[in-house]
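Okay, thanks for making time, everyone. I'd like to walk you through the side-chain contacts in this one, so let's get it up on the screen.

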Amino acid sequence: NAEGAIIGLISSARDLTERKAAEEALRLSEARFRHLAEAMPQIVWTCQADGSMTYINQQWEQYSGLTTATTLAAGMWSAIHPADRAATREQWRQALVSGAAYQGEVRLRRHDGAYCWFLERAIPVRDEAGAITQWFGVSMDIDERKRQERHQQFLSELGMDLRLLSDTETILTQLVERLGAYLQVAGCRVNEVDLQREQFTLLKDWVADDALWLQVATPGIYPFTELAPPTLLAALQAGQTVAIANTLHDSRTAPVANHYEHDQVHSLIGVPIFHQGQWRATLSVKGHSERQWLPDEVTLLEAVAGQISALLEKVHAEEALRASEERLRLALAGGGMGIWESQIATNHSLWSPEMYALFDLAPDLEITDELFNRLVHPDDLAGLQAAINNLVMPGGEREYNGEFRIIRPDGEVRWLADR
């Protein structure tokens, strides 16, 4: 009233049921999203329209070791690999400006300091007017897939490069060096196995530049007991790949733990190489510290071991060929015989060293048909030419046995039996 005393009340009321229902629905929706996000194995996150982070599930804290509060305040940027940070920032900026979905591959730091590859995807959420209100994102671990891709590329490049080489020593050197460096181990070696004599033949050994405490072993023969304990040998002979994370505590290497401790070999993988059911060789790598070997690393070593198996077959074939050639050389030398091959298209011939000796010619002299004809005694040349022509004519003889005379550079005449 005029004196300021309250004589009544005036109020208005409006129905808030729908708004309250909407707020409750939103609260329940957000609660369901949080429950779903926390149950997912991937890292799930949301951002405001400007990109500032509003939520990240507990998977992130378990993976990165960074608290949720720290991440919401500063984002995930500190955990991104320095080499990926600039490109990721630019991709995210472009998505915020354009409103297009964001996708990128990035390495994120794990709580132990290791970096793993993640595939990140984020899509915008828009209101009825089309304006972006927030972003929903997910970071999925693709590190195993990336490792597999790198392994396949390594195997492909290694295989192609080794096929270009013909020298066995060079091939083995390239193989152990590149495999050891790729896996970042302290050492890598290939041993051939002789089960009857219970010994290894060390074919090639490689030691990393920073593994100063290790020495490259001298190629040669070593008894089984010098390089591996019986339990390890039994597993390899049974065809089992042996992956040991800690040589001091694993029961298979415990009997010779002092040996490994002396060489500072604290982890290793040994892959047996079989051919026709027989244990023929072993590929091994060793680490200077405890190492939990990944399954794909074991698979990679087994794939390389397959290449070594084919290589060893080549080695044995080459050794057998060299032995056969040496036996033939000795037989030819002892019997006073030589071998020649006529290349009809070029009118040239290839002679063995013994053939040059029979004719008393320099071993580097190029042998042409014209030169050969001059060396044959004139009285025997026509008959020899007729016999050779008969060999190359269709329907002609398929074998020649004959005798003819030659005239050496000093004029001496010698008889040769030719077949």
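When I say helix or strand, I mean DSSP runs, numbered from the N terminus: H or I with at least four residues for helices, E with at least two for strands. Keep in mind that this is a predicted model, so local features need pLDDT of at least 70 and side-chain atom pairs count only at pLDDT 80 or more, while totals for chains, interfaces and linings use all residues. Residues are numbered from 1 along each chain as its sequence is written, and side-chain values use heavy atoms, with hydrogens and water left out.

Let's start on the surface. Ile344 is in the loop that runs between strand S12 (340-343) and strand S13 (348-351). Is Ile344 buried or exposed? Exposed, at 56% relative accessible area; the cut-offs are under 20% for buried, over 50% for exposed, and partly exposed in between, with a 1.4 Å probe and protein chains only. Together with Val392 and Met393, Ile344 makes a nonpolar surface patch of about 300 Å². Patches here take residues with over 30% relative accessible area and no salt bridge, joining nonpolar side chains (Val, Leu, Ile, Met, Phe, Trp, Tyr) within 5 Å and like charges within 9 Å. The areas are Shrake-Rupley with a 1.4 Å probe, and for residues only the protein chains shown count as cover.

Now the rings. The search of the whole structure turns up 13 aromatic pairs. To pair, rings of Phe, Tyr and Trp (its six-membered ring) need centres within 6.5 Å; planes under 30 degrees apart are stacked, over 60 edge-to-face, and the rest tilted. Take Trp45 and Trp92, an edge-to-face pair at 6.0 Å centre to centre with 85° between the planes. That pair joins distant parts of the chain, with Trp45 in strand S1 (residues 43-48) and Trp92 in helix H4 (residues 82-98), 47 residues apart. Both Trp45 and Trp92 are buried. Then there's Trp351 with Phe359, which is tilted because the planes sit at 45°, with the centres 4.7 Å apart. Phe359 is buried at 1% relative accessible area, and Trp351 is buried too, at 11%. Ring pairs also tie Trp351 and Phe359 into a cluster with Tyr356, Phe372 and Phe404.

A couple of charges sit over rings, meaning NZ of Lys or CZ of Arg within 6 Å of the ring centre and within 35 degrees of the ring normal. Arg89 has its charged end over the ring of Trp77, 4.3 Å from the centre, and Lys146 lies over the face of Trp117 at 4.5 Å.

On to salt bridges: how many does the search of the whole structure find? It finds 18, counting a side-chain nitrogen of Lys or Arg within 4 Å of a carboxyl oxygen of Asp or Glu. In one of them, Arg147 meets Asp296, with the closest N and O atoms 2.7 Å apart. Arg147 is in helix H5 (residues 143-163) and Asp296 in helix H10 (residues 295-335), so this pair ties together parts 149 residues apart in sequence. Arg147 is buried at 14% relative accessibility, and Asp296 is buried at 4%.

Lys204 and Glu169 make another salt bridge, at 2.4 Å from N to O. Here strand S7 (residues 199-207) supplies Lys204 and helix H6 (residues 168-183) supplies Glu169, 35 residues apart. Lys204 counts as buried at 12%, whereas Glu169 is partly exposed at 43%. And back to Lys146: a network of salt bridges links Lys146 with Glu105, Arg145 and Glu149.
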